[in-house]
Amino acid sequence: MKSTVPVLAILFLLLSVSIWLISCADDDDNDQADDDSSGDSDDDQVNDDDQTDDDAVDDDSADDDTSPWEPVEPHRETDGAFTIVWLTGTPYEMGQQQGQLLHDELQAGIDWLNAMHLIDILLPIANWLGLTDLAMSNSYPDIVQECQGLVDTAGDTGWTMDVCMLLNFGDVLIEFLSYGFPPARAIAPGCTQVIAAGAATTDGRLYHGRSLDWDKIDYLIDYPVIFVRQPSDGIPHIYVGFPGNLSPYNGINAEGVSIASDEADPFDKSFHDRTGHSHVQMLGQLLKKAHSLEEATSMILAEDHMTVEIFAIADGKARQGAVFEMTAKALGVRPLQDDVVFTTNHFVAPETEDADAEPPSSSSTLRFDRVKQLIPPDGEDTYYGAIEPEILVQVLRDRINPYTGQESGADVFNNDLSIATNGAIYQIVFDPENLWFWVAAGAIPVPQQPFVGFSLGELLNYSDAAPCEPEVFP
């Protein structure tokens with residue numbers, strides 16, 4: 001997953017690269033298919049009188065007192081490398097707030113795109129190919145409305161509806177444009193996730209670890225954002241992402257459901273469909289609406305899927321989790337087995353194992369096999385029975401090649417030879433039952449950065465919120 005961008009075919013692939021928010025990448029040849037801008041922002045606020053629908057939040061997760069919970073007013077704060085942005089109201093209102101609160105950062109994103117000539121050259125091509133219309137017609141209304149709000153307050157930076165819609169439909173466009181052309185190495189998949197509970201953990205609780213791997217894209221690295229989203233018609237939740245990221249790759253909601261996505265490659269184009277929904281947009285809908293793994297499963301089964309993708313979903317209350325392997329034609333679900341389940345970037349469920357690229361990328365299989373050594377009860381280096389957040393941090397930082405035993409250097413960003421050296425941009429550990437999460441981001445190499453703790457309950461100002469413990473894994 002080097003930052004090489006492989007001209008008519010290169011233009012298509014450049015568009016794919018420009019849609020940088022699609023998560024996860026390796027550089028396997030077998031793939032088929034500011035501080036200155038945020039440091040003075042603690043007092044930035046946007047006035048908004050909208051309140052979240054109380055019925056959207058389960059009483060078990062919110063305050064125990066008799067007074068109704070009130071959403072936190074829109075504003076931003078800085079916590080070390082992280083910008084935290086509170087949004088509330090309708091999708092359009094949250095888009096307006098993001099355009100106001102992250103105006104400078106959104107300008108930086110457009111400056112980056114312009115410096116790469118990815119707007120003046122590629123947007124006309126995208127429009128000629130009908131890709132903007134495809135994104136508009138297949139996006140959730142929430143995304144269209146939120147993009148419109150963002151454009152209405154940050155349009156002077158160069159953010160347009162075309163830019164916003166294409167960037168937030170990136171998972172679909174990447175696969176549609178890549179398949180049939182030699183895949184750009186910078187857009188091939190490469191993420192790792194682990195869910196463990198019951199006998200696998202020290203206390204029986206459920207924990208969820210995820211590494212989101214990509215490339216050295218300064219905009220993503222320099223501007224990590226925690227979005228505290230308080231929709232007027234859904235469950236409060238957070239995204240871990242970057243300015244302009246309306247379609248999440250990682251998040252947790254106030255019902256204790258954490259979700260993250262991994263990319264995969266299709267066996268052939270028959271596993272794609274021109275109608276349906278983007279999976280990263282779908283992930284946002286799940287965080288907004290699903291009170292449990294059971295509800296998330298029902299939503300996924302009822303959806304119209306456009307491309308291939310993997311979700312790992314953890315339910316802290318039920319202490320259950322599952323991996324969902326999805327295509328336009330088939331869907332496989334892998335629940336906890338021996339109280340663990342894990343995934344990288346290829347399918348292994350019986351229903352879908354023949355639906356993705358064959359053979360899988362060597363990076364995906366290598367990371368999968370290393371997790372098999374670390375997590376199941378029979379793994380040769382297993383942490384089974386001792387898994388807790390600190391152990392998942394160690395797993396995400398693991399630099400061992402499972403086949404040779406060789407350890408990569410701590411300063412290596414990406415060599416495709418271990419879990420930690422696959423181009424990590426964000427690494428996250430979720431404790432969904434406590435509504436806690438720890439994030440490493442903001443500098444390369446990400447696995448060597450501190451995992452900073454956040455309490456979703458505190459971010460939402462719940463009266464019974466428990467502070468995250470520990471505050472950081474150094």
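Which side chain meets Arg-205 in a salt bridge? I looked that up before anything else.

**Ground rules.** I am working on a predicted model, where local features need pLDDT of at least 70, side-chain atom pairs count only at pLDDT 80 or more, and totals for chains, interfaces and linings use all residues. Residues are numbered from 1 along each chain as its sequence is written, and side-chain values use heavy atoms, with hydrogens and water left out.

**Salt bridges.** My cut-off is a side-chain nitrogen of Lys or Arg within 4 Å of a carboxyl oxygen of Asp or Glu. The partner of Arg-205 is Glu-433, at 3.6 Å from N to O. I placed Arg-205 in strand β4 (residues 204–213) and Glu-433 in the loop between β13 (424–431) and β14 (436–440), so this pair ties together parts 228 residues apart in sequence.

Next I checked burial (buried is under 20% relative accessible area, exposed over 50%, partly exposed in between, with a 1.4 Å probe and protein chains only). Arg-205 comes out at 15% relative accessibility, so I noted it as buried. Glu-433 has a relative accessible area of 29%, which makes it partly exposed. I also found that a network of salt bridges links Arg-205, Arg-319, Asp-431 and Glu-433.

Searching the whole structure gave me 13 salt bridges. One of them joins the side chains of Arg-229 and Glu-146, at 2.8 Å from N to O. This pair links distant parts of the chain, 83 residues apart: Arg-229 is in strand β5 (residues 225–231) and Glu-146 in helix α7 (residues 141–154). Here I found both Arg-229 and Glu-146 buried.

I then went to Arg-370, which has a salt bridge to Asp-381 with the closest N and O atoms 2.8 Å apart. Arg-370 sits in helix α13 (residues 362–374) and Asp-381 in the loop between α13 and α14 (389–396), eleven residues apart. Arg-370 is buried, with a relative accessible area of 5%, while Asp-381 counts as partly exposed at 36% relative accessibility.

**Aromatic pairs.** I counted rings of Phe, Tyr and Trp (its six-membered ring) as paired if their centres lie within 6.5 Å; planes under 30 degrees apart are stacked, over 60 edge-to-face, and the rest tilted. The whole structure gave me nine aromatic pairs. For Tyr-219 and Phe-242 the ring centres are 6.4 Å apart and the planes at 70 degrees, so I logged the pair as edge-to-face. Tyr-219 lies in helix α10 (residues 218–222) and Phe-242 in the loop between β6 (237–241) and β7 (250–253), so parts 23 residues apart in sequence are tied together. Both Tyr-219 and Phe-242 are buried.

Trp-438 and Phe-473 make a tilted pair, 5.3 Å centre to centre with 50 degrees between the planes. I found Trp-438 in strand β14 and Phe-473 in strand β16 (residues 472–473), so this pair ties together parts 35 residues apart in sequence. Trp-438 is buried at 0% relative accessibility, and Phe-473 is buried at 8%. I also noted a cluster in which ring pairs link Phe-82, Phe-430, Phe-437 and Phe-454.

**Helix α4.** Last, I checked a helix length (expected span: 1.5 Å times one less than the number of residues). Helix α4 (residues 103–115) has 13 residues and should span 18 Å, which agrees with the 18 Å between its end C-alpha atoms. For its buried residues I listed Glu-105, Leu-106, Ala-108, Gly-109, Ile-110 and Leu-113.

How values were computed. Helix = DSSP H or I, 4+ residues; strand = E, 2+ residues; numbered from the N terminus.
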